Amino acid sequence: MNLLNRRALVAVLAATLASAGWAQSFPSKPLKIIVPFGAGGVADLTARTVGQKLSQTLGQPVVIENKPGAGGVGAADTVAKSAPDGYTLLLMSNASAVTATLFNKLPYDTVKDFTPVSTLGFFDIAVVTATESKFKTLGEVLAYAKANPGKLNVGSINIGSTQNLAAELFKSNSGMDMQIVPFNGTPAVVNALRGGQIDVAVEIVSPIMGQIKGGALRALAITDTTRSALLPDVPTTKEAGLPNYQASSWNALAVPSGTPKDVVARLHREIAAAISDPEVSKKLRDLNIEPRASTPEQTQAFLQSEIKRWGDVIVKANIPRQ
């Protein structure tokens, strides 16, 4: 073996040993989860619930830092530019996939600059109407839309939001002419439903569960592939007549790309264990979240599929890029 080859071998061995030593000593200081939403919301509570368990199993504090605004771009940029050492994590969501297509230019690459670690949980989305509505099933809604082109009004929150894109996907999958009407927040959507300004709405179940349980709203269908554990009597959109329509909201944790694989693996093991913990699972389900972990590879593939899915919806709906 010549001198050059020996030096290369020594360098590889040194890097391998350094990586192994780094992983074995990880973590040696507090971790931080950057949340691109305000305190008190479901995403924030999810991060705090999982983070509290991680602090116990990792033996280090896990600090939650809220950095809302700009569609989560600021929060993501902070993590993308952080040291790739596993100590700074990003709470990803549907918004991460949406901004990858909706924005003309981002200060980071959503796929290349992050290493997803695991999904945390999924939020059910439902097609709902007011209890006073004449529509008792999704089939009746679809029949009305077919017989009355352009007259069915479907409400959602702001343009470009997960709910708004899920409403646009509902429209395109139905193949029918209907009006998508955006509102500034869930309360405005609920008021429009109750007041008869819109016929149905597409909304995440969590913020309207109280109105559904209280009888003010009627859930017509769940937009995921399986029924909701929270609303087991409500059919899926496939069962209700739209076999190709599927949409759900989600959260995941990611670290900057370049983070050592052993550190990513350690974080994944601890996150998966935290989510499967009975106490953590119960807390998440109490927030109307279905706990669900995934491997880093599965999470990466899922993120890319979500970017494509919502990108196609944005293009088809002619939503202008920002």
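The structure is a predicted model, where local features need pLDDT of at least 70, side-chain atom pairs count only at pLDDT 80 or more, and totals for chains, interfaces and linings use all residues. Residues are numbered from 1 along each chain as its sequence is written, and side-chain values use heavy atoms, with hydrogens and water left out.

In β8, 5 of 5 residues are buried, meaning under 20% relative accessible area with a 1.4 Å probe, protein chains only. Val-200, Val-202 and Ile-204 point one way, Ala-201 and Glu-203 the other. In a regular strand, side chains alternate between the two faces of the sheet.

As for partners, two strands pair if DSSP finds at least two bridges between them. Strand β5 (residues 125–130) runs antiparallel to β8, with 4 bridges joining them; here Ala-126 is partnered with Glu-203. Strand β6 (residues 153–156) pairs with β8 in the parallel sense over 2 bridges, and Val-154 has Val-200 as its bridge partner.

Then there's the largest pocket, with a volume of about 1100 Å³. Its lining counts 45 residues, and Phe-37, Ser-93, Ala-95, Ile-157 and Gln-163 are the closest to its centre. (A pocket is an open set of points on a 1 Å grid over the protein atoms alone, where a 1.4 Å probe fits, with protein on both sides within 12 Å along at least five of seven lines; lining residues have an atom within 4 Å of a point. The volume is the space filled by probe spheres set on the points, which are joined across faces, edges and corners.) Helix α4 gives the most to this lining, with 6 residues.

Key
Buried < 20%, exposed > 50% of the residue type's maximum accessible area, 1.4 Å probe, protein only.
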